[in-house]
2 protein chains.
Amino acid sequence: MTLANVRPAIDATACCQPLTRGSISAENSESLANTLKALADPARLRLISMVAAREGGEACVCDLTEPLGLSQPTVSHHLKILVDAGFLTREKRGLWAYYRIVPGALDTVGRLLVTV
Amino acid sequence: MTLANVRPAIDATACCQPLTRGSISAENSESLANTLKALADPARLRLISMVAAREGGEACVCDLTEPLGLSQPTVSHHLKILVDAGFLTREKRGLWAYYRIVPGALDTVGRLLVTV
DNA sequence: ATAGTATATTGACAACCATCAATATAGTGG
DNA sequence: CCACTATATTGATGGTTGTCAATATACTAT
């Protein structure tokens with residue numbers, strides 16, 4: 001399973017107990033690894049935090065390209081990965097595509113790592 | 001920065017506020033991304049959970065190779081990445097190398113993702 | 001010393017990823 | 001219909017990763 005076809009975060013997380021509460025199955029480890037892979041990139045972490053920090057909780061690609069310092073196609077590429085992984089939503093309004101945080105998605109992943 | 005030379009998890013986490021509490025710096029995003037990269041592999045997630053599930057909280061390579069279904073060098077390789085990232089410790093006793101969970105390391109990373 | 005065992009390291013290879021330039025798509029306004 | 005703009009897709013490329021076979025290292029026991 002590559003980054004190109006990742007299941008939404010909820011798939012990785014609807015099922016499982018915390019990582020350190022007993023041995024995880026091979027299947028669940030694949031699912032969680034794919035979800036973490038979507039997060040494990042500096043550009044994508046910054047995109048998430050930039051969208052979250054935005055007034056109104058949404059940002060278009062044009063808001064993100066310049067401060068991130070990457071080309072527009074690359075930014076679109078990263079946003080797509082985050083949408084596919086279930087961390088962002090995308091809404092097209094006119095020419096612009098607006099991205100928002102999916103409430104709870106990061107929390108669900110974070111809680112799988114936290115034991116106490 | 002590649003997986004081969006990752007700073008310990010504490011470096012990524014001693015500093016920062018949660019990901020969605022305002023824009024993260026480029027530097028911090030690199031650090032956190034490297035830490036998450038160490039986790040974002042199914043074999044390594046299973047290794048963590050297998051060590052955690054073990055009686056006495058420790059396991060040697062020989063305990064892990066067969067149930068993981070990977071070669072011994074590959075298992076050693078993954079364990080090294082987890083040690084370098086600060087998630088496991090390694091103690092050599094006689095012929096064997098025993099690995100243990102670093103208390104709190106996963107929690108610190110998890111809390112960076114959780115907002116509520 | 002020698003043989004045996006557990007683990008680590010090296011080297012190689014196929015698969016994957018982040019990135020950009022170029023192009024395509026889609027929506028807006030004349 | 002025609003320019004113009006914002007975003008997405010395609011294609012290519014250099015770098016990274018996961019894996020194993022082969023070998024090296026380190027420790028133990030005879």
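Two strands are taken to pair if DSSP finds at least two bridges between them. The legends below apply to a predicted model.

View 1. Strand 2 (residues 88-93) and strand 3 (residues 96-101) of chain A run antiparallel and are joined by 6 bridges. Within this pairing, A:Glu91 stands opposite A:Tyr98 of strand 3, and A:Arg93 stands opposite A:Trp96 of strand 3. The hairpin has 2 residues between its strands, and A:Gly94 takes a positive phi near 65° there.

View 2. In chain A, 3 strands form an open sheet in the order 1-3-2, with antiparallel pairing. Strand 1 (58-60) and strand 2 of chain A are the edge strands; each has a single partner strand, so one side of each lacks a neighbour in the sheet. From one strand to the next, the twist averages 30°. Helix 3 of chain A packs on this sheet, where it touches strand 1, strand 2 and strand 3 of chain A. The direction of helix 3 makes about 95° with that of strand 3 of chain A. Helix 4 (residues 61-68) of chain A lies across strand 1 and strand 3 of chain A, and runs at about 75° to strand 1 of chain A.

**View 3. The sheet of chain B.** Chain B has an open sheet of 3 strands, ordered 1-3-2 and paired in antiparallel fashion. The edges are taken by strand 1 (58-60) and strand 2 (88-93) of chain B, each with a single partner strand, so one side of each is left without a neighbour in the sheet. The twist in this sheet averages 30° from one strand to the next. Strand 1 and strand 3 (residues 96-101) of chain B run antiparallel and are joined by 3 bridges. B:Cys60 stands opposite B:Tyr98 of strand 3 of chain B. Helix 4 (residues 61-68) of chain B lies across strand 1 and strand 3 of chain B, at about 75° to strand 1 of chain B. Helix 5 (residues 72-84) of chain B also packs on the sheet, touching strand 2 and strand 3 of chain B. The direction of helix 5 makes about 120° with that of strand 2 of chain B.

**View 4. The crossing of helix 4 and helix 5 in chain B.** The axes of helix 4 and helix 5 of chain B come within 9 Å and cross at roughly 115°. The two helices of chain B are therefore roughly perpendicular to each other, and their crossing is right-handed. Helix 4 of chain B contributes B:Val61, B:Leu64, B:Thr65 and B:Leu68 to the contact, while helix 5 of chain B contributes B:Gln72, B:Val75, B:Ser76 and B:Leu79. The contact of helix 4 with helix 5 of chain B contains 5 nonpolar, 3 polar and no charged residues.

**View 5. The packing of helix 3 against helix 5 in chain B.** Helix 3 (residues 42-53) and helix 5 of chain B pack at an angle of about 75°, and their axes are 10 Å apart. This angle makes helix 3 of chain B roughly perpendicular to helix 5 of chain B. On the side of helix 3 of chain B, the contact is formed by B:Ala43, B:Arg44, B:Leu47 and B:Ile48. These residues meet B:His78, B:Leu79, B:Ile81 and B:Leu82 of helix 5 of chain B. By class, the contact of helix 3 with helix 5 of chain B has 6 nonpolar residues, 1 polar and 1 charged.

**View 6. The interface of chain A and chain B.** In this interface, 33 residues of chain A are in contact with 33 residues of chain B. On the side of chain A that touches chain B, the elements giving two or more residues are helix 2 (26-39), helix 3 (42-53) and helix 6 (105-113) of chain A. The residues on this side of chain A comprise 20 nonpolar, 7 polar and 6 charged.

**View 7. The axis that relates chain A to chain B.** Chain A is superposed on chain B by a rotation of 180° with 0.0 Å of shift along the axis, at an RMSD of 0.0 Å. This is the relation of a two-fold axis. In chain A, the C-alpha nearest the axis belongs to A:Gly110, at 2.0 Å from it. The same surface serves both copies, since 100% of the contact residues of chain A recur in chain B.

Definitions and conventions: Residues numbered from 1 in each chain as written. Chains lettered and ligands numbered in written order. Predicted model: local features only at pLDDT ≥ 70, side-chain atom pairs only at ≥ 80, totals over all residues. Contact = placed C-beta atoms within 7 Å. Helix = DSSP H or I, 4+ residues; strand = E, 2+ residues; numbered from the N terminus. Nonpolar A, V, L, I, M, F, W, Y, C, P; charged D, E, K, R; others polar. Least-squares fit on C-alpha atoms with pLDDT ≥ 70 in both. Axes fitted to C-alpha atoms, helices over the stretch in contact; angles between N-to-C directions. Parallel < 35°, antiparallel > 145°, perpendicular 65-115°, else oblique. Left-handed = near helix turned anticlockwise from the far one by under 90°.
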